[in-house]
Amino acid sequence: GPAALALLGPAPGAPSCPHGPALLFVKTSQGKEEGRRFYACSACRDRKDCNFFQWEDEKVSETRLAAREEYNRNHQPSFTHRQNVDRYKNFVLLPLSKRRFCQECQQLLLPAEWEKHSDHQFLCDITTAQLKSPSQLLYPLENKKTNAQYLFADRSCQFLLNLLRDLGFRRVLSVGTPRLHEMIQSKASQEEEFSVRSLLLDIDFRYSQFYTEDEFCHYNMFNHHFFGGETARETCRKFLYEENGERVIMVTDPPFGGLVEALASSFKKLMAMWRETEKEGHNKEMPMFWIFPYFFESRILDFFPSFSMMDYQVDYDNHALYKHGKTGRRQSPVRIFTNLTPSTIVLPEEEGYRFCTVCQRYVSSGNQHCEICNSCTSKDGRRWKHCVLCKKCVKPSWFHCNNCNCCTLQKHSCEKTDVGCFVCGKAGHKRSACPSLS
């Protein structure tokens, strides 16, 4: 069978790469015993981005350890967060004509540094408005697995923020949601009665150029690592402490290629951090919105049984597939998973969402209540159909295959097919597993 990677989780005493403590994995093959355990980078699934690798049982020499420490040090950002905050203060004092941003280094430049960047592309006349929307000024890092900076479309961002305000939340822990953070920050600076605050936790250190240490922490959500150490952890803990009844919610939008169990483990640690600050009610869970594609529903519910999936389709600006309805090529598969009571999540009726009184939640216009399942069963926005043999609702494009004994696409290769293998003609295996190929 196919070899699969299993995550064994964050291990105490794990070695570190530039992205913080590595995670422990094991290669498993069906029918064989476990393979050898190894450590790999928590954030980068692609070896090109971070090639950290070490067998668990490997003895690493002093020389190699020293070289690794050196490597990790050299791969830290050139300025500390504190230095970036000071640089920003100086940058803001400059006249418009002297405000430059180097596109190659993704860095705000002070006049003394122009010389060093003279052969780089840069943007001139950086306005205050641009400084207040760094997610649009910075070049999106579209490495899908680690950064995947697909940013919320304005419509979705606005919807989320209004929803949070209507639900009475005053503080938002924004984990990997720079655009939401930015919208909250800019409204707070413009509108006096706007009382929501946000703390951004993100692996993209470029944001430290625009936000103070109380507004941004450099954080890796795959291994719950605060790059700023205890000070940053303390900032986060302070932010989660609910004083004067200012309720906190965590909103997170992880890379979709990320490992669900690694994310779940970190989110549980953030929830625990919140619980420690709670004065009463230790059995409660920190309110949370986890934004993720609907096909991960069962995985998320494995880790967070109290969560449920909302029908709202979350849209992204720079992602061709994930745009809403008529503008995108298809509907966005991205949803909100939450531990809040579904009936309190009011979805916009002008976009076709309506309330189902039986399910006690808002559903999309195509999501019809199935009398047999007794729930609104569609996951993708289209109307699904009930299959009596499968005893559940299925996608409209699926048909029941008696060979496979389940519903599937009409054109599919049957599991129990009588047709022989395409390569050798013998029965009992598929082309990909044909012995004559090896």
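Reader: Is arginine 73 buried or exposed?

Author: Relative accessible area decides this, with buried meaning under 20%, exposed over 50% and partly exposed in between (1.4 Å probe, protein chains only). The model is predicted, so local features need pLDDT of at least 70 and side-chain atom pairs pLDDT 80 or more, while totals for chains, interfaces and linings use all residues. Residues are numbered from 1 along each chain as its sequence is written, and side-chain values use heavy atoms, without hydrogens and water. At a relative accessible area of 53%, arginine 73 is exposed.

Reader: At what N to O distance do glutamate 70 and arginine 73 meet in a salt bridge?

Author: A salt bridge requires a side-chain nitrogen of Lys or Arg within 4 Å of a carboxyl oxygen of Asp or Glu. Glutamate 70 is partly exposed at 39%. The N to O distance of the glutamate 70 and arginine 73 bridge is 3.1 Å.

Reader: Which parts of the chain does the pair of glutamate 113 and arginine 87 link?

Author: The side chains of glutamate 113 and arginine 87 form a salt bridge at 2.6 Å, N to O. Both partners are buried, glutamate 113 at 14% and arginine 87 at 10%. Across 26 residues, the pair links the loop between β8 (107-109) and β9 (122-123) with helix α2.

Reader: Which residues join Arg237 in one network of salt bridges?

Author: Arginine 237 and glutamate 234 pair at 2.6 Å between their closest N and O atoms. They are 3 residues apart in helix α7, which means a separation of about one helical turn. Through shared partners, Arg237 is joined in one network with Glu230, Arg233 and Glu234.

Reader: How many residues line the second largest pocket?

Author: On a 1 Å grid over the protein atoms alone, a pocket is an open set of points where a 1.4 Å probe fits, with protein on both sides within 12 Å along at least five of seven lines; lining residues have an atom within 4 Å of a point. The second largest pocket holds about 380 Å³ of space. His81, Phe205, Phe227, Gly228 and Ala232 lie nearest its centre, and its lining residues number 17.

Reader: Which elements give two or more residues to that lining?

Author: They are α2 (81-93), β12 (216-220) and α7 (229-240).

Definitions and conventions:
Points joined across faces, edges and corners; volume = space filled by probe spheres on them. Helix = DSSP H or I, 4+ residues; strand = E, 2+ residues; numbered from the N terminus.
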